[in-house]
Protein chains: 2
Amino acid sequence: MVALTAEKQDRKLLSRIAAGDGHGENSAYFDGWKAYEENSFHPIDRPDGVIQMGLAENQLCGDLMRKWVLEHPEASICTPEGVDQFSDIAIFQDYHGLPEFRQAVAKFMEKTRNNKVKFDPDRIVMSGGATGAHETVAFCLANPGDGFLVPTPYYPGFDRDLRWRTGVNLVPVTCHSSNGFKITVEDLEAAYENANIPVKGLLITNPSNPLGTTLDRDCLKSLVNFTNDKGIHLIADEIYAATTFGQSEFISVAEVIEEIPDCNRDLIHIVYSLSKDMGLPGLRVGIIYSYNNRVVNIARKMSSFGLVSTQTQHLIANMLSDEDFVDQFLRESKLRLAARHAELTIGLDGLGIGWLKAGAGLFIWMDLRNLLKTATFESETELWRVIVHKVKLNVSPGGSCHCHEPGWFRVCFANMDHKTMETALERIKVFTSQLEEESLNRTKPMAKKKKCWQSSLRLSFKDTRRFEDGFFSPHSPVSPSPLLRAQT
Amino acid sequence: MVALTAEKQDRKLLSRIAAGDGHGENSAYFDGWKAYEENSFHPIDRPDGVIQMGLAENQLCGDLMRKWVLEHPEASICTPEGVDQFSDIAIFQDYHGLPEFRQAVAKFMEKTRNNKVKFDPDRIVMSGGATGAHETVAFCLANPGDGFLVPTPYYPGFDRDLRWRTGVNLVPVTCHSSNGFKITVEDLEAAYENANIPVKGLLITNPSNPLGTTLDRDCLKSLVNFTNDKGIHLIADEIYAATTFGQSEFISVAEVIEEIPDCNRDLIHIVYSLSKDMGLPGLRVGIIYSYNNRVVNIARKMSSFGLVSTQTQHLIANMLSDEDFVDQFLRESKLRLAARHAELTIGLDGLGIGWLKAGAGLFIWMDLRNLLKTATFESETELWRVIVHKVKLNVSPGGSCHCHEPGWFRVCFANMDHKTMETALERIKVFTSQLEEESLNRTKPMAKKKKCWQSSLRLSFKDTRRFEDGFFSPHSPVSPSPLLRAQT
């Protein structure tokens, strides 16, 4: 009763946004984080705690960063070598940002796109992380009630970033496991036609979060053509541009539009960030790169709501201007990511657990469809609860990513050390053994079911391998780079 | 024709926000900045350039900051003493912020309010500067179409911060020079009654931007009672809390609500920042302190759109935890501000130019009503153009602050060195002499007019002195502190 009264009072006193639950934190994606926060794994202090595999964080190259920082004291305003600039930097608050920051970021964006395209520093607009960047783009492109098409599964945070305060809707474009969740023009057309609201754009993540896949050139061209034909915007979230490894190739929309004659570039926008490729999420460096002059102008003004600290702009400008360091960092990062990815996937392969073949991002898309009691999201949630609270691994269920098919889970692998990954794999092994044992102890029909599960798990793995050319043989020995071994 | 087509296209392709001009940059306030940017004063390179007196920036204590930073290398993640924390800090992205950051900010907020109130670190919500803080509060408290009462004159940026993306309206409460622009309950009632939209709150700046005045206890109490009675919110922007000097006393709303029995604290919210009191606008440390649990919860989630860089949180947490430094800094800052304020106002007094008696903020409210050809905003703009383009001082006309009476100008004094202030005063002196000369050279009726202007200028100064108890005799010798002299 008291709670109800408080809620009623909130509705009267506060805005609809504040009184409502549009933030979307009541999803399994965030619940898993809470479970982790309440009982975080620690190898010595809390060895039975929850291991965080729900956070797409890149912790594999922190040592390279530390080394560079120590070797470049002039890059910081807090060292004897850099302090003369303290006052000038600390008072700078122009929403254009430090010119050297924009130049360095543009150059870095070129590097992370294999130097195949040029980026104009004057189109670099900063924002408070990719979170702020997405909201800004939504404010620029759509009115409340308008919609953006978003292929599923998609990053759960988009419901907050693009919808919450803007009043904009996300219109899911249903993708299917049968073709590896590829985005097809047919699925786009269907979603566009069935949307009962004005559709203002298409939002893609490339590399994909949560799939870990990259879009090939033909697919990207088809998306540019589709959006151009409809006269709607294409927003490409490329925050994992350099987080690709093995044989996975990332192609930026910036490259593809060069190849399309008469492309209407006023409709093309890129969201970028240093949180993933450089592993610096705390520094909140989000970037909007738009080919539309008006959007650049307005987004820059909006950046006043979430400017990057100039202390950070200054450090980043210096760091990214060191091209040798950036080259070495990106090279080494790819090696370490590949090794860690291999460690996880070889482990899963050994347990007969499937995953979508992909080589980008900080996660894999794990296939547990055959562990579901029924092919429903209720069963997925039930299994997810067991994984979080019994197996004590915080992974994200596909349902929280708006996946159309129950049974898929996003599993992050780069936010922990080697030992923790070993522990996580050991837990999965124990879990699957228990499942097997339970099954054997049950009545005959149950045992039959189990048998079916086992073979179908293997089938599932084979299925997923079909989707893309394999670049890791499931059991090939992929050695971590020497630096990684030294680190972990 | 081309421009029209582009505009039409913008309206079709982009959001109403992006296609419109709600940002408010087409005001004299921002135009003056542009004039400065195009031709900035430099004592050697561009001695005839525009002097920036439109920017409320506190540059007077940068040397103290530099000294502290050098003496505390452990406070930075970019020094040998602090680099071990680089990775942990750079990956931290929790919207609660670093616990030590919130604790240090709460303590600092107590100090800047003379340790008369306690602030709970768990109510500290960070945001991208006060700009982001205000927008967040507006998103939490009001729906599009709702309004906030705002006493005039008010900070021009509020039109952007609270209205632009939220769709909220600002309802001016007309204040008058006849009582020193005090906020009266009568004026509030009138604005509240005449607003044809749902009024959700009252927004005040205390100390006032642009007036430089502080609200006394009785006035503050009347504002709390007024808003409580109406069941609407009170948002107190206190970003100049420690930027008070001389005999000017700042009283926080946090102190006053302790003295009001049965005050509904769910309606009380404070916006704070380190941009003014610490002179660190580039670091984008904005704070929302709400007594409403739901607002704390929702605003914290919204802070994801503009988190403070953890590199900066870490530095600030260390700096503000050094209580001896903070005490010394605030003490010295007040001395230097007082000295600079005296330098400007004594100069103006000598020229017979009036200003509103006040001792807070980084500006004075200059009275040039008697230099207007007619008592209109057209004449104010005309005079302002002369001041910016001929006298080459970028000051902000009262009209851009929504002042009800033409002829007032905001003049910033803490964003320059002593020499530049001397140059600015010299330019004003030359300008007033020219006016006098022109007047004498004119026909008899004009000379008469000039005579009238001269005496009325003096009258105007006397008038403004009446508003508050004087704390600087216009010609008293106020010496800059030794540190200030060393700096300037």
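Predicted model: local features only at pLDDT ≥ 70, side-chain atom pairs only at ≥ 80, totals over all residues.
The crossing of α9(A) past α10(A) is right-handed. On the α9(A) side the contact is made by A:V185, A:L188, A:E189, A:Y192 and A:E193, which meet A:S222, A:L223, A:F226 and A:K230 of α10(A). Sorted by class, this contact holds 5 nonpolar, 1 polar and 3 charged residues.

In chain B, helix α9 (residues 185-194) and helix α10 (residues 217-230) pack at an angle of about 30 degrees, and their axes are 11 Å apart. That angle makes α9(B) roughly parallel to α10(B). Here α9(B) passes α10(B) in a right-handed crossing. From α9(B), the residues B:V185, B:L188, B:E189, B:Y192 and B:E193 meet B:S222, B:L223, B:F226 and B:K230 in α10(B). The class count for the contact of α9(B) with α10(B) is 5 nonpolar, 1 polar and 3 charged residues.

## Helices α6 and α13 of chain B

Another helix pair in chain B is formed by α6 (residues 99-111) and α13 (residues 310-321), which pack at an angle of about 45 degrees with their axes 8 Å apart. α6(B) and α13(B) are therefore oblique to each other. The crossing of α6(B) past α13(B) is left-handed.

The residues of α6(B) in this contact are B:E100, B:F101, B:A104, B:V105 and B:F108; they meet B:Q313, B:I316, B:A317, B:L320 and B:S321 in α13(B). By class, 7 of the contact residues are nonpolar, 2 are polar and 1 is charged.

## Backbone features in loops

Most residues other than glycine have a negative phi, and most peptide bonds are trans. In chain A, a cis peptide bond joins A:N206 and A:P207, with omega about -5 degrees. A:P207 sits in the loop between β5 (199-205) and α10 of chain A.

In chain B, a cis peptide bond links B:N209 and B:P210, and omega is about 25 degrees. B:P210 belongs to the loop between β5 (199-205) and α10 of chain B. A feature of another kind is found at A:D262, which is not a glycine but has a positive phi of about 60 degrees. A:D262 lies in the loop between α11 (253-256) and β7 (268-273) of chain A.

## Annotated domain

An unreviewed UniProt entry carries the annotation "domain: Aminotransferase class I/classII large", which covers residues 51-428 of chain A. Over residues 51-428, chain A is 40% helix and 15% strand.

## Relation of the two chains

Two copies of a chain are related by a rotation about an axis and a shift along it. The same surface serves both copies, as 100% of the contact residues of chain A recur in chain B.

Note on methods:
Residues numbered from 1 in each chain as written. Chains lettered and ligands numbered in written order. Heavy atoms only, no water. Axes fitted to C-alpha atoms, helices over the stretch in contact; angles between N-to-C directions. Helix = DSSP H or I, 4+ residues; strand = E, 2+ residues; numbered from the N terminus. Parallel < 35°, antiparallel > 145°, perpendicular 65-115°, else oblique. Left-handed = near helix turned anticlockwise from the far one by under 90°. Contact = heavy atoms within 4.5 Å. Nonpolar A, V, L, I, M, F, W, Y, C, P; charged D, E, K, R; others polar. UniProt positions renumbered as here; feature names shortened; annotations may be inferred.
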